[in-house]
Amino acid sequence: MRLTPRGGRDAVDGWAIDGAGRPILKVRVAAPPVEGEANDALVALIAKALKRPRGAVSVAVGAGGRIKQLEIDGVSAAELARAFGAPPAKP
């Protein structure tokens, strides 16, 4: 996941392919990257999109960077695809 803080609004912008050829979900939040505000907004946005409690979503890797990995309890691959679309195929 690639997070853009101070992005003007909270939204999932869709999928892209990173430099290594991996699919990455692009997300923006209005919150600034100060004292974890952007991460908190990201967790809230993803939890709402997946209809999960905020406690079910956490930043597992990359709390201080733009590229993050989330840990989401109790969600299936089908639910992820329904909420965010299917990731693009690797080139």
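## Salt bridges

Three salt bridges are counted in this predicted model, a salt bridge being a side-chain nitrogen of Lys or Arg within 4 Å of a carboxyl oxygen of Asp or Glu. One of them joins Asp 13 to Arg 28, with the closest N and O atoms 2.8 Å apart. This pair links distant parts of the chain, since Asp 13 belongs to strand E2 (residues 11–17) and Arg 28 to strand E3 (residues 23–28), 15 residues apart. Helices (H or I, at least four residues) and strands (E, at least two) are DSSP runs, numbered from the N terminus. Asp 13 has 33% relative accessibility and counts as partly exposed; Arg 28, at 26%, is likewise partly exposed. In these terms buried means under 20% relative accessible area, exposed means over 50%, and partly exposed lies in between (1.4 Å probe, protein chains only).

Asp 18 and Arg 22 form another salt bridge, their closest N and O atoms being 3.0 Å apart. In a further bridge, the side chains of Arg 52 and Glu 79 meet at 2.9 Å, N to O. Arg 52 lies in the loop between helix H1 (37–50) and strand E4 (57–61), whereas Glu 79 lies in helix H2 (residues 77–84), so the pair ties together parts that are 27 residues apart in sequence. Glu 79 is partly exposed, at 24% relative accessibility.

## Basis of the values

Residues are numbered from 1 along each chain as its sequence is written, and side-chain values use heavy atoms, with hydrogens and water left out. As the model is predicted, local features need pLDDT of at least 70 and side-chain atom pairs count only at pLDDT 80 or more, while totals for chains, interfaces and linings use all residues.

## Arg 22 in its loop

Arg 22 is found in the loop between E2 and E3. With a relative accessible area of 48%, Arg 22 is partly exposed. Leaving aside neighbours within four places in sequence, Arg 22 is in contact (heavy atoms within 4.5 Å) with Ala 16 and Ile 17. Arg 22 and Ser 76 are 54 residues apart in sequence, and their C-alpha atoms are 20 Å apart in space.

## Helix H1

Helix H1 has 14 residues and reaches 20 Å from its first C-alpha to its last, close to the 20 Å expected at 1.5 Å a residue. The expected span is 1.5 Å times one less than the number of residues in the helix. After H1 comes Lys 51, whose phi is positive, near 55°. The buried residues of H1 are Ala 38, Asn 39, Ala 41, Leu 42, Val 43, Leu 45, Ile 46, Ala 47 and Leu 50. These buried residues pack against strand E1 (2–4), E2, E3, E4, E5 and H2.

Leu 45 is buried, at 17% relative accessibility. Residues up to four places away in sequence aside, Leu 45 touches Asp 10, Ala 11, Val 12, Val 27 and Arg 28. Asn 39 is also buried, with a relative accessible area of 13%.

## Leu 80 in helix H2

Leu 80 lies in helix H2 and is partly exposed, with a relative accessible area of 31%. Leaving aside neighbours within four places in sequence, Leu 80 is in contact with Leu 50, Ile 72, Val 75 and Gly 85. Leu 80 and Leu 50 are 30 residues apart in sequence and 7.3 Å apart in space, C-alpha to C-alpha.

## The largest pocket

The largest pocket has a volume of about 500 Å³. Of the 20 residues that line this pocket, the closest to its centre are Met 1, Trp 15, Pro 23, Leu 25 and Lys 68. A pocket is an open set of points, on a 1 Å grid over the protein atoms alone, where a 1.4 Å probe fits, with protein on both sides within 12 Å along at least five of seven lines; lining residues have an atom within 4 Å of a point. Grid points are joined across faces, edges and corners, and the volume is the space filled by probe spheres set on the points.

E3, strand E5 (69–72) and H2 each supply at least two residues of the lining. The largest share, four residues, comes from H2. By class, the lining has 15 nonpolar, two polar and three charged residues. Here Ala, Val, Leu, Ile, Met, Phe, Trp, Tyr, Cys and Pro count as nonpolar, Asp, Glu, Lys and Arg as charged, and the others, Gly among them, as polar.
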